[in-house]
Each structure stands twice: as C-alpha cells, then as structure tokens.
Amino acid sequence: MKILIYFITIFFSSNLMSNEVEIIELHQNKSLDQLVLDELENEINNVDENIEEELNTNLDSNGEIVADDNENSVEELTIEVEKNLLNDLETQFVDKFLANSNNIKSEILRNEFYNFLLNLNLDYEKKDNRTKYYLIVKYFYEIGEISKAFSLINSRDVSNDENLFFYQIVQLNYFLSTFKLEQSCNFKNQITKNTNIKNNFLDKIEIFCLILENKTSEAELLNSIMLETEQNIDDNFQELFLYLIDPEYLKNTNQNWYSSDIKPDLIFLYSAMARIAELPLNEEFLMVDPLNMAIPIILNKSTPIDLRIKAANLSYLNKSLTVDSLSALYQSVDFNSEQLNSTEKTVKSLSDRTDLLMAYHYQLVNIQIFPSERLEALKDFWDFAQKNNLENIAYALSYKIIQSIETTSEYLNYSPEIAISYIFNKDYENSLKWINLYENANGIDDKIILVKILLDLHLSEDANSIVEIIRKNLNKLFDSVDNYNDELIYILFDILNEDKDNKLKENFDKIYDQRLMPSIFIIENINEAIDSNNEHKLLLYSIISLNDKEWEQIHPQHLKMILRGFLKYKDSALFTKIILEIFENYKII
C-alpha cells in the first residue's frame, strides 16, 4: 500500500518533505523536483521549436523548397542544402564523424555542432538518410544528451521506421530518468517485443509498473517466471524488487544495495526504482553515464547530498539545469547552527568535500543580515570557487545577491569583484557602474585595470577590436615567461595581419612540442574547407580534430589553422567568443 500511496502522491499532489518548505518560498512555490523537470521540458520545447522553424522556413506542405519573389531563391536554397556535408557523406563516414566527436571541450563549438545536427534537413524517404538520423539520435543518447535525443525522435513520424524499437527504448528511458512513471507505464504498452532486447528490460518495466499499481501478486509471479529464464541473475533488480514488495527487507540488509555490475541499459530503471524505494544512488551511477544520470541523482533525496550537488554542478555546466534549480539544491543542504556559526572549523572538517563546501559558502552568504557582511562572505565564496575551477557556478548563483547591493562608496573595496561577477553574468551596464565608482575614488590602478580589460574584451564586437585591446595591454595580460602565451599572441596577430614585424622570441630550450598535431588527412580537409569557404566541412573536421582536447592542449599550428577558419565562418560570428573561451582556458582572464 505504501508504494501505491507514494505513486498517487507523486502524480496527484504537491506535498513536499519538510526540509523543502523554504525552497518553495524562495522559488515561486515550486519544489526542486518541479524546477528541474520544468527546465528539461523547456529545453525540449526549445529544441523542438528550433527544429520546426528550420524545417518550415523554406519548405511547403509537401516538403518542397518554396520560391519567393526573387527568381534566384530556389537555386540559392538548393545550393545551401547541397553544402550540408552530412547529406553527401556515406553513412559509414557519418558514423565515424560522430564517434570522433563525443567529448567536445569547447562549449562554443559544441553548441554549434549540436545545432548543426539538430537542424539537418534530410529526405527520410531514403533509407540511407534514416540511418544517418538514427546515428545522430544514438549519438546524443550515448553522450548524455537524452533530452536532445528525445526531441529529435519527436520531431518526425518514426512509427514505420526500421529503428523504431531503439527510439521507443530511448523515449521510455527518458520518462524513467525524469521520473514520469505514469507515462513510462503507459508507454511500455506501445513497445512491441523485440528479440534484440537485453537483460529482460521490458519484463522488468512490467514488474515495476505492477508494483506501482499495487498488484504485488502479479509482479511476484512475473518475476519468478523471469528468474527461471534469466541466464545471469540481475542482483540489482532483485534487491530493488524485494524492498519494493517488502519494505522490512531493508532491515536485514544495508543501503549499499547495488552490485558492481551496473548494467548501462538498466540504469534509468534502477534509478526510478531506487527513488520509489527511498534507496540512494552512488557515484558509480554517475561514472556509468555522467550527464544522463545527473538528473536522476539530483532528484533522489536518499542519495548523499554532496553527490547530488556534484551531479547538479555537472548538469548546470552542461546547460541542463537552471541556476534556480541549482540554488534550490544548495539551500536544501541541512547545515546546523553550530556549523554555520563556526566557519573555520566547518571548512576544515569538510576540506575534502568540495561540492558540499560550495553549498556551505553559498548558505553563509544568504544568512548574512548586513550587506557588508554578505559581501565579505560572497568574496570568500568566489575565492573558494575560483580555486576549484567552479567560479562560473559561483558567479551565476550570486547574481541575484549582488543585484541587491546598492552601488555606493560604502562598498568600494568590493567594487572590482562585484564588477567581475556582473561581467560573467553578461550584465555589462552594472559592471561599468561599479568600475566607475572605483575609478572616481581611487583612479586607475592595477586592481581595476584588469577588470576594465575583461569588460572591454567581452564588449568587443570583432576580432580587430580584441587584438587592439591585447596590443595595448600586453604586459598586464600576459606573463612574459610563459611561452604558450607568446605563441597565442603571435598566432592572433599573424592571422589578422596586425603586425608585419610580428615575431616569436628565440627559444632553443624547446625544440620539440609535446602537443600533437592532427593527421595530414584532417589537416588537408580543414585547409581545403577554409580555401573553398565550405563552412559545414570546416565545422565537422575542426570538431573531430579538437575532440577530447582543451584549447591549451592544442598544438599552436593546429590552433592557428582553426582560428584562421573561424575568422571567416559565418562572417566571424563565433570568432570573438572562441577567443574569449581560449583566454579563459589559458587562464589569461
């Protein structure tokens, strides 16, 4: 009966645990669960709208290109479609492109590549194109972008597709991962039995749904039949099953219910069952599928809070979670009054738990009554985050807080830090107010000039203005003993023809460079794409050449080639963003 009540509660009420009452008040009467799920729905809607807009822009109801008053428009549109490299590539090469693009470190290029894949205009009457579509859906699913895979599946009618079963499994796992159990149980009835199904997946879904419907006897019967035919007993499922039908079972075991054999194709089912059973997930689940499992871990209240925060940080940086959801989770951590009043002692006791300390510092900021004390706590929060490469999270979380701080001389000493925080939140107008406040009182000193340079770089609209800023501030921006920085400046000046006397410093201490160059095949294709102004080809070959690498790990000749290409790409639309990203990666700004 407990399971049935729990199931009904999930879908037909909004009762929440007592430790989330404050979250409701702080976040517009929405629980953490609802904030997270709303964000996923928004992401799917945005992807769906982009796909639909792209498909409808140039096509009529029959899927034909629409001509306008310009007699050349049809020809121009046809040329644009033909430029789409994936249309022309054989399926095996599409598979290779995707397999070598599974860990794109650059957020700018990753988003560009994802948009390219989501907006492909393929003729699905051709089997080869349906296979490409399948490979793209599979790609998003396997790299942890299950919501994008789900959106792509919903963007067209796949009911007669040869890969229908795979698409249905993705959809079912999406419902499980977002804890839409009612939809999961309804949807499983649409799935036709398939000989390729592994680990009795559909039988286990059926058993889980029977338990949710309080049909325990039927669930036990089906489970016993499954056990008779299952060659390798799934200990994880059986542990979850036993507790769901008999909560007393937990008294005879411990909360480490999982075995070391966590089957990747069952993790979404495990996570949903564990949440109903009020059993925790552990870091092994995050390691199996870091991005896809982040949301189930966040939503599982029995999971250790520092792992939930780690998953939330990962999800936020991957743009799968809003700052409001992240804030709600941070504030739900139950620090007692002694911990909050003994900062030095608490920080020392949690020294090896970075994610928990992020939440602790954030809560310290929020409990301060006076603005000056809040700013001091905020500065500590920023400093801690920066030491642990989490400053983007700290700046995002503190945006609403700094907006409540009045721009007055009383807080002058905090001006540079506040201005930087506004810059990272793309609020350049308020950043300038704090810079001006500081300058009017102290003039231009070393402390504020770096903030001004940072603001100027973010406000730059083209490559030349960025180079001009660099030229004027070389000594302040770059460490003269850092050879990598010298190379970066040389590259930027060289590709923009800014300095005909541009030369590298003599350095015979470094004859060989440990940073690898791509193969000659990749290099030739990138150069050919640049020379022929083939933007799709440039994007695809650049992506695979950069896969698994940070900007600072790229060989300077390779970097020079990439920047030369993106200087022209879409009229330099991405160039300044890429430069800023490189500067951040090099720790220049």
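Of the 589 residues of the protein, 49% count as buried, where buried stands for a relative accessible area under 20%, exposed for over 50% and partly exposed for values in between (1.4 Å probe, protein chains only). The model is a predicted one: local features need pLDDT of at least 70, side-chain atom pairs count only at pLDDT 80 or more, and totals for chains, interfaces and linings use all residues. Residues are numbered from 1 along each chain as its sequence is written, and side-chain values use heavy atoms, with hydrogens and water left out.

The secondary structure comes to 35 helices and zero strands; these elements are DSSP runs numbered from the N terminus, with H or I over at least four residues for helices and E over at least two for strands. With contact taken as heavy atoms within 4.5 Å, 63% of the contacts between residues at least 6 apart in sequence join residues at least 24 apart. The protein exposes about 29,700 Å², and carbon and sulfur atoms supply 46% of this area. Accessible areas come from the Shrake-Rupley method with a 1.4 Å probe, and for residues only the protein chains shown count as cover.

The buried set consists of Ser415, Pro416, Glu417, Ile418, Ala419, Ser421, Tyr422 and Ile423. Their cover includes α23 (371-387), α24 (391-397) and α25 (399-403), along with α27 (428-442) and α28 (446-459). Just after α26, Lys426 takes a positive phi of about 60°.

Turning to the aromatic side chains, the structure holds 23 aromatic pairs. Rings of Phe, Tyr and Trp (its six-membered ring) pair if their centres lie within 6.5 Å; planes under 30 degrees apart count as stacked, over 60 as edge-to-face and the rest as tilted. Phe150 and Tyr174 form a stacked pair, at 4.1 Å centre to centre and 20° between the planes. Phe150 belongs to helix α9 (residues 146-154) and Tyr174 to helix α10 (residues 164-177), so this pair ties together parts that are 24 residues apart in sequence.

An edge-to-face example is given by Phe175 and Phe187, with 5.7 Å between centres and 70° between planes. Here Phe175 of helix α10 is linked to Phe187 of helix α11 (residues 181-187), twelve residues apart. Phe175 is buried at 11% relative accessible area, and Phe187 is buried at 9%. Elsewhere, Tyr124, Tyr133, Tyr134, Tyr141, Phe166 and Tyr167 form one aromatic cluster.

The charged end of Arg156 sits over the ring of Tyr124, 4.1 Å from its centre. Arg275 lies over the face of Phe179, at 3.9 Å from the ring centre.

Finally, the structure holds one disulfide, a term for a pair of cysteine sulfur atoms within 2.5 Å. The bond is formed by Cys185 and Cys209, with their sulfur atoms 2.1 Å apart. Its S-S torsion is about -95°, so the disulfide is left-handed. Cys185 lies in helix α11 and Cys209 in helix α12 (residues 201-212), so the pair ties together parts that are 24 residues apart in sequence. Both Cys185 and Cys209 are buried.

Technical notes:
Lys NZ or Arg CZ within 6 Å of the ring centre and 35° of its normal.
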